[in-house]
Amino acid sequence: MASRVTEVASRLYDACLERFEADHLFYQQDLLALDVIPKGEIDLLLKCAQSLVDQKLFRLHQGANNRLAWKIISRDDAEKLQNLSPDESLVYNVIHSSGRSGVWVRTIQSRTNLHKSILDRCVKSLESKNYIKSIHNVKYPTRKMYMLAGLAPSEDITGGAWFTDGVLDANFINSVAGYIEFKVSLRSWYEVPAADRGRGKRIKTATGMAEVKSESEKTYLPYPANYSGYPTVETITSEVNQSGITPVRLPEERVIELLKMLCFDKKLVALNNGGNYKSLKKPDEVKASQSRKPAAEESAGSPILGLGKNGMTESPCGSCPNIRLCSPGAAISPETCEYFDPWYEKVLGF
Amino acid sequence: MSQYAAELCALLIEDQFGELFARIFTTLQRYERLPLPRLKFYSRLTDRQLHHGLVAMIQHHLVYHFTSLEDGNTYYAANPQAAYYLVRSGKIIQLVESRLGEYAARVMETILYLGHAPITHLETLPDLRYLKSETTNGVVKDEEQEEQQVEEQEEEAQDFDQQAEEETNGTNGNHAEEVHQKPAPLHSTLKALASHGYILRVKDAHFQSPEDNYIEAHKAASNRSDIKLLKGKRLTEELLLKTEEILRERTDGDLSEAWMVNGMPRGVKRKFANGTSESASKWPQTDQNGANGNHADEDEENDWSEDEDGFDNIPMEPGLVLRVNYEKLDVALRNARFVEMAEHNALPATAEVYETLLRRIEYVTKRCRDTTEIPREGEEGEQFSLPIETYKIVNDVDPTLDLSSCMGPLHPASEPLNRRGKRPLENGVNGDHHDDEEDNADNEISRAYEINQHLQLLEQAPHNLASHVRLSDGIKWRVGFRGLARKLRHLELERLVEMRYGDVALRVLRVLHAKGKLDEKRLQEISLLPFKDLRQTLASMQTGGFVDLQEVPKDAQRQPSKTIFLWYFDPDRVCSSVLEDTYKAMSRTLQRIKFERNLRRDFLDKTERSDVKGNEEKWLSEGELEQLQRWRDMEAILLGVVSRLDDMVAVFRDF
């Protein structure tokens, strides 16, 4: 009897392998419809199914209306699973069920009801066998989460294209943003053709309103207000993806995020309700500001202020950390202020 | 009136007028309205000092006085506005000089210096009698200073220049009398100033505080027989309207309308050298003439001064008492800031067109805003200027200004390049000679088109500096003052943030301003900043008072783990705190000047001795001269900072 069950079971498995895909959920009637079980013996089917589940070739599921359902497991995986201890296989199943979103250790514990030390041991051994891997969740950076080793974590977990190992990749963002700004800038300003420049220059100097520009410098002019050739989100996205500066393809939503960020930086400006984008700086200015090294800026002592200066940024009082405490006759007072003398030196040069 | 603003006003008065004024002023600020006996008691001054001081301060509008009809007492109160405007006088003189020339600036300076003055008095002043009168200018100034017991030198940066001028003139003083002295056109200059609205008629109500004026007007309104008949809601409404009306009647000393010539103030320095366009007096006809353009030739000879020679012979009413109209000057100064904004991110030609538009708007704008306080952000409605027709701008803009060659083509791909190359050339030809009538008309139309193009560029994001109204008879341009004033405020704040916290903070601030209250996670998603940077920036900005944190507990226990923390940026609050800091920085800088002067007291006393002054090179050693120069540089730079800080105060308080 037992051998018959094994034989039918193996035939059943082969038939399933043939008929169903790996992720297909099948029910009792599906198995009966395979015509493997002689005379549709429910009893025999039950035994076969049980034996297959025992051999880890089938995985039990709860389908619609609380009916029993199965999924097929490949022979390789089944071999892996058979080597696991019962606790380990329990843990493995929980992790497997979470798919690409991963599962928190505390959730595994509550689902399996295993003791923490046992769970830790299981997770450790599974990890060492390279069946599962630990992943980093952007939303809950402190949570320890696991998923199957062969899967790539979903975007919810990684946070999307901007994250590398769960951390916002500022360098990557800045390089893409810089690229976009430059590209948009090229298309937001009209570059006076070389042949035309001479004439334009002559007229300008004749009216005395523009300084003479050296020949190598390019002249950029703004387009009229109703110009419609400013780049759109689609063109920017395709340009970024073709440029090869991103290892992965950036979807449009990500590019929009980046464009919005650039708008907040007042580098770009959205026109027509975000349909088109225009750069505020001319291409040569963009290039100049990007090639400037932030470190050099700091060492020079005065960061270059894009917005210009006002009274408060120039006066020693404006940058004084103790202005709230300052009053005549007190410990910090205009008479004893130590910022004025260096300031005279800096401004007047004596 | 905040502590630091009060401190600043007292310092300014002390600097300008000496200790007596400052003593009276601070006493009045501290105790507010006082009758004379109480004022005497608190200030501990003698009757003589007090009377002299008060009279002079009333002359300068530094003190309001009000005689109550009920108890017959006269109350005195400080006028902090007038005290604060002392710091702006340099800027005002500079503005008048750039608009109306050196002589007008001198007239303005005299009026500023005297507080208010009747025209008959101005006529008698020797330094206003001649156009070129450098020597008398210096001497008279000094005499007056002695008369008025003003110990301190005038403090503005401009006065420095003047001082320098005086010195140079001192050396060649004997020479100046030979210089041909032309009698000065005092009356036409005054008319020019009046028509620009820079000066106004002094009325009795100007000597009383705005509150007193309001109460008086209210009383007068409620005593009217037609008001007495009303009841209930109608009564309050009507009363309010009438009060406003009476108030306006009593305080309005505007002279500009009386002296305007067809909507243009007199004495506008025109940019055209060759007078190709219609003169100011012909505005109403340009509607028809713009089209057929046969008009230009007849008017070619018109120059404003000649045109108005007829008017100039009619002197202004000699009994008229004049004072400076700070409200109007603030409008002009604000427009200058708008132009600066345009210059910052647009081409010079565009900025010039914009400036021309703003100049036109300035003539029809009386004050920066109607409410006394800047309304809260978000509750502030837009307030537009009167729209200005394009053709007026066309006529005002310098005809030699090259408008076409500084804009790209509309369709770069479809349009061949040589077409573009031709455009500036064509225009250069047309722009240079206007003998052909048809050419002229064409030219005007194309210039109107170009000017519209430039203004449209400014209308677009991110500038939003102008907006257009399309009417049946063409496009008119106007400016939304409140939005732009808000933009200026934010610009000043952002500059400060950029300097203190870097550009990352700037991005965070803008996100918070655009989106409202946000928790950290959402803020990160929008600003795309690493958590570490974001937290550091937010924390340092919170310490600086630029952003704030709101806690929203999920339950009654208010556990931190069950609480939502929202970051937000409240521009009103930040603006007012920055304004206070600015006042403080100004008063600290002034105190520092005082301190530095005290350090060099002996030396400076020597340089100010009457025999040394003006003859420094003769009496001072080389080292001393160098020391003097250094001191002057230092004082100039400190005063320069005060004036730059005043620019910020103007943005946060006056615009």
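A residue is buried if 20 or more other C-beta atoms, placed from the backbone, lie within 10 Å of its own, and a nonpolar core is a set of buried Ala, Val, Leu, Ile, Met, Phe, Trp, Tyr and Cys residues joined through C-beta atoms within 7 Å. This is a predicted model, where local features need pLDDT of at least 70, side-chain atom pairs count only at pLDDT 80 or more, and totals for chains, interfaces and linings use all residues. Residues are numbered from 1 along each chain as its sequence is written, while chains are lettered from A and ligands numbered from 1 in the order in which they are written.

The largest nonpolar core has 157 residues, and Ile13(B), Phe25(B), Met108(B), Leu193(B) and Leu357(B) touch the most other members. Its largest share, 13 residues, comes from helix H26 (residues 481–515) of chain B; helices are DSSP runs (H or I, at least four residues) numbered from the N terminus.

Now for the meeting of the chains. Two residues are in contact if their C-beta atoms, placed from the backbone, lie within 7 Å. In this sense, 55 residues of chain A are in contact with 60 residues of chain B. H10(A) gives the largest share of chain A's side, 6 residues. That side divides by class as follows:

| Class | Residues on the side of chain A that touches chain B |
|---|---|
| nonpolar (Ala, Val, Leu, Ile, Met, Phe, Trp, Tyr, Cys, Pro) | 34 residues |
| polar (the others, Gly among them) | 12 residues |

Notes
Helices (H or I, at least four residues) and strands (E, at least two) are DSSP runs, numbered from the N terminus. A residue is buried if 20 or more other C-beta atoms lie within 10 Å of its own, exposed if 12 or fewer, and partly exposed in between; C-beta atoms are placed from the backbone.
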